[in-house]
Amino acid sequence: MAAKMAPSLLSADFSRLRDEVKRIEEHGAAWVHLDIMDGHFVPSITIGPPVVKALRPHTALFMDAHLMVSDAEKQIGPFVEAGADLLTVQAEATAHLDRVLRKIKDQGIKAGVALNPATPPEVLEYVWPLLDLVLVMSVNPGAGGQKFIPAVLPKIKAVAAQIKARGLSVELEVDGGVNRDNAREIIEAGATVLVAGSAVFKAENGMAMIREVSSYGR
């Protein structure tokens, strides 16, 4: 199965986001990754539902919204209404993971959980039936341009093994420091969706990486 690329708009030109989305779509992206930061769970503040709503009519790409926010439950409705196809919440940001995931699913869209580098996969033990995606963070969230943390590779393998053992159709996404040099290794570890920001939008000939990575099999 070929991997999916989900370029992150965090590294795009914010003065022309619609054009940037069109550009990744033309270069073969399957998804577009939206980093939602609130200045509380992480230091940075990025975009909110109005930006997602403004982009939605201009692309058919699957909108993958990663909520790096402290109170994700309050944000579910606005992002669903804006047109997100999947909402991923941070396991560390809620005391009621089951409830938040159920609320997302009740809205008729897909639900995911993100794990920070130091968060063990065991936190997923009792929510697997609610998951459409697990996002393994390979950097600490809050800023683009960071280097991939190699120690995360065993966790990617462990999550992939859990998905296989349970016979689940759950995407395994990896976000943080993904580039041409490590993409194949990450996919071989079990990732099915790769998020890349700087490597796509800021590197020389970065757009070509989308088709390259999308051609890698598992």
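A crossover is right-handed if, with the strands pointing away from the viewer, the path from the first strand over the helix to the second runs clockwise. Keep that in mind for two stops on this tour. The model is predicted.

**Stop 1**

**Stop 1: strand β4**

Select residues 86–90. This is β4, and five of its five residues are buried. Side chains in a regular strand alternate between the two faces of the sheet. Which residues of β4 lie on one side, and which on the other? L86, T88 and Q90 take one side, while L87 and V89 take the other. All of them are buried, and both faces of β4 are covered.

**Stop 3**

Zoom in on V89 of β4: L67 stands opposite.

β4 and β5 pair in the parallel sense over five bridges. Look at L86, whose bridge partner in β5 is K110.

Continue to β6, residues 133–137. Four bridges pair β5 with β6, again in the parallel sense. Here A114 stands opposite L135 of β6.

**Stop 2: two crossovers**

Select helix α3, residues 72–82, together with β3 and β4. The three make a right-handed β-α-β unit. Check the path against the opening definition.

With β4 and β5, α4 makes a right-handed β-α-β unit. Strand β4 therefore belongs to the unit with α3 and to the unit with α4, by the definition of handedness used above.

**Stop 3: helix α1**

Select residues 17–26, helix α1. Its buried residues include L17, E20, V21 and I24. Look down the axis of α1. The buried residues fall within an arc of 100°, so they line one face of the helix. What covers the buried residues of α1? The cover includes β1, β2, α2 (49–55), α7 (198–201) and α8. Step just past the end of α1 to G28, which takes a positive phi of about 100°.

**Stop 4: salt bridges**

Show Lys, Arg, Asp and Glu side chains. Side chains of opposite charge can pair when their charged atoms come close. The structure holds 11 salt bridges. Three of them are worth a look here.

Start with K4 and E171. Their side chains meet in a salt bridge at 2.7 Å, N to O. K4 lies in β1 and E171 in β7 (residues 171–175), so the pair ties together parts that are 167 residues apart in sequence. E171 counts as buried, at 18%. The cut-off for buried is under 20% relative accessible area.

Next, select E125 and R166. The closest N and O atoms of this salt bridge are 3.4 Å apart. E125 sits in the loop between β5 and β6, and R166 in helix α5 (residues 153–166), so the pair links parts that are 41 residues apart in sequence. E125 is partly exposed, with a relative accessible area of 37%. R166 is partly exposed too, at 35%.

Then go to R180 and E212. They form a salt bridge, with the closest N and O atoms 2.9 Å apart. R180 lies in the loop between β7 and α6 (183–189), and E212 in helix α8 (residues 208–214), so this pair ties together parts that are 32 residues apart in sequence. R180 counts as partly exposed at 32% relative accessibility. E212 is partly exposed, with a relative accessible area of 31%.

Finish with R16, D19, E20 and R23. Salt bridges that share partners join these four into one network.

Technical notes
Residues are numbered from 1 along each chain as its sequence is written. This is a predicted model: local features need pLDDT of at least 70, side-chain atom pairs count only at pLDDT 80 or more; totals for chains, interfaces and linings use all residues. Side-chain values use heavy atoms; hydrogens and water are left out. Buried means under 20% relative accessible area, exposed over 50%, partly exposed in between (1.4 Å probe, protein chains only). Two strands pair if DSSP finds at least two bridges between them. The arc is that of the directions from the helix axis to the C-beta atoms. Contact means heavy atoms within 4.5 Å.
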